[in-house]
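Let us walk through this structure step by step. Keep the sequence and the 3D view at hand.

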Amino acid sequence: MIYLRDRGQDVVDILLDRIQGLGRGTLAAVSRLGRANVFLLEVFAGLSGMLTRPGLLIKQLFSVGVQTLIIIVVAGLFVGMVMALQAYYALVDFGAEDSLSVMVVLSLLRELGPVITALLFAGRAGSALTAEIGLMKATEQLSGMEMMAVNPIERVIAPRFLAGMISMPLLAAIFSAVGVMGGYLVAVELLGLDAGAFWSQAQAKVELFEDLGNGMIKSLVFGFVVSWIAVFEGYDCIPTSEGLGQATTRTVVYGSLAILVLDFVLTALMFGK
Amino acid sequence: MNTRTLELLVGLFVAAGLVALFMLAMTASNLASYGGDDGYVIKAHFDNIGGLKVRSPVAASGVRIGRVTDISYDLEGFEAIVSMSIDPQYNSFPVDSSASILTSGLLGEQYIGLEPGAEEEFLVAGSVIDITQSALVLEQIIGQFLYSKADEE
Amino acid sequence: MSETLIKIRGLKFSRGGRVIFDNVDMDIPRTGITAIMGPSGTGKTTLLKLIGGQLRPDAGTIEVDGQNIHQLKTKDLYALRKRMGMLFQSGALLTDLSVFENVAYPIREHTKLNERMVRQLVLLKLNAVGLRGAMDLSPAELSGGMARRVAMARAIALDPMMIMYDEPFTGQDPISMGVLVKLIKSLNDALNVCSIVVSHDVYETMSIANYVYIISAGTVVEHGSPDEIRNSHSEWTRQFMEGLADGPVPFHFDAPPLLDDLFAGSGTRRG
């Protein structure tokens, strides 16, 4: 009897604990979101102060952009090649393999270019940004700057954020261009399609603003969001080795999810008229 | 790494990005066809334009000579009015040329085919093509086919 | 000019529901070395961050050089911080800059001196801490003690009115400990500034301090000159100074009697 009453009490306890946990989690999430927004405003304010130091931006463009380039080029090449193969097998049944280039180019410009680049960017550059900023926080470098009357948001965060935003569209363009070349290699050299038809079909069907332009807008938005998440997670992390690892993981997870969700929203807005 | 190498590499990276963008714009999209907007615009009336769209090509004997610039609906004649811009070098089409809406391939896109006539006068900006043939609509063709079969029996 | 540089009144601060400071009053003089001692986890570092304006108290005021630091606008706060030097426990050197550039950093940020002047200044500061020869090294190549000395050179780069040392002796071998003790003393005497040393290394700190505050459990337990502290009758102070295992600070973390716990059955206690 006593045993049973204890069990009931335990279940109620556990239930209450769970509900309390839910409430605590919600409050924490809302306050994080608030902090992230305030932080973004501070970063914007810091951007102006950065204009006097272009060297800081160059350095970050190197570590964010140049060091991500190789993975982007390799991925772009193979994605383009696979797309061409898949498109060929799908289209050859209808005798429409001339449209292969259209399929490859359109999917690269509209979707694969911006999205895969952004995912790779979040994994490569985003996580590195978070880890770097988090480490600077853990080793008190950010505090040290503050005590030297230097605003770390202006000197550390803003250049990294801006470099991410500039690099993303460039990387996406490179990804798509290399992908088109990969598609060309497979279609023309491997499958023996006509080179002229490849280009003319693409030129006839691909719209400069609607396809290329919108793809670039997507990559700008992704660059903005991923850079924001990456620098915020680094700046907001718990300054221990465990906290740092969690923050880096969060950058990749939240970044990737944000990219995929935003991709849907943007696609619906852009092409769904 | 010294500053010079760093700046050089970043410069190369930015240049590569811009070149990639340029290449996509030039070779894989229709930027090239944006250029010649100095063509002359002629109009044609159609009963049905099928799947014709703005920016669809205009071709003569399969050669692209211009593109559709505007599609509107005329409430008085209950017809579609298609405006098309013809590239300036193709300036000697007779006024009695005919325009038809054709399909490239079985399932391809639709375009306007221009068939030259025999008059001495040429089409100029603002001319209207009188002889047109509408798009073939699959349902209508099948319908006609079925009726003619029914008539035969 | 008042004799007191930093005036703390009724300071209250808590973090995550834990009270760290409760009604702390302190007066830190404009010159000389003031030591702030106490066991680990009493928020000594937090106190420095409060003085530097990096944290905000729940109640109470901190006046630095007559200015209430938590009511200053950002611009004024930064102007005041330019006159503060702070030495973090880890040194907090910027890892992507060389030793030279680290010391030059505050000079470059806050002055428009030409390159020759910057170089001369940096060499002088590095020479003062005995590390002029290490100026081309990167922070990763320095030992912990050397990193702290570079950070010291950086902290005095702009000739501040006060220098805060956060646990300067922790984890040092006897030689570099001796070097740091001597440096803190000689820098303080040479620059005639206010030095605040936060530490729990009793012997080293007492040897150079002019005045000592001992804090525990969020309040000032005792303060006075090193001699007064040594001759203190407070049991707590004696335990801390002599490092006794048991005393007012119990050996056992708060717990019910052992027997009760052993027979309480399985599982952990729930609060």
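Is A:Phe62 buried or exposed? A:Phe62 is buried, because 20 other C-beta atoms lie within 10 Å (buried takes 20 or more such atoms, exposed 12 or fewer, partly exposed the range in between, with C-beta atoms placed from the backbone).

The model is predicted: local features need pLDDT of at least 70, side-chain atom pairs count only at pLDDT 80 or more, and totals for chains, interfaces and linings use all residues. Residues are numbered from 1 along each chain as its sequence is written, while chains are lettered from A and ligands numbered from 1 in the order in which they are written.

A:Phe62 belongs to helix 2 of chain A, residues 54-91 (helices are DSSP runs of H or I with at least four residues, strands runs of E with at least two, numbered from the N terminus). Leaving out residues up to four places away in sequence, A:Phe62 touches A:Gln67, B:Leu6, B:Leu9 and B:Val10 (contact means C-beta atoms, placed from the backbone, within 7 Å).

Helix 2 of chain A also packs against helix 3 of chain A, residues 100-138. Their angle is about 150 degrees, and their axes are 9 Å apart. The two helices are therefore roughly antiparallel (angles over 145 degrees count as such).

Now turn to chain C. An open sheet of four strands there has the order 2-1-4-5, with antiparallel pairing (strands pair if DSSP finds at least two bridges between them). Strand 2 (18-29) and strand 5 (67-68) of chain C each have a single partner strand, so they stand at the edges. Nine bridges join strand 1 (residues 4-15) of chain C to strand 2 of chain C. C:Ser14 stands opposite C:Val19 in strand 2 of chain C.

Notes:
Contact = placed C-beta atoms within 7 Å. Axes fitted to C-alpha atoms, helices over the stretch in contact; angles between N-to-C directions. Parallel < 35°, antiparallel > 145°, perpendicular 65-115°, else oblique.
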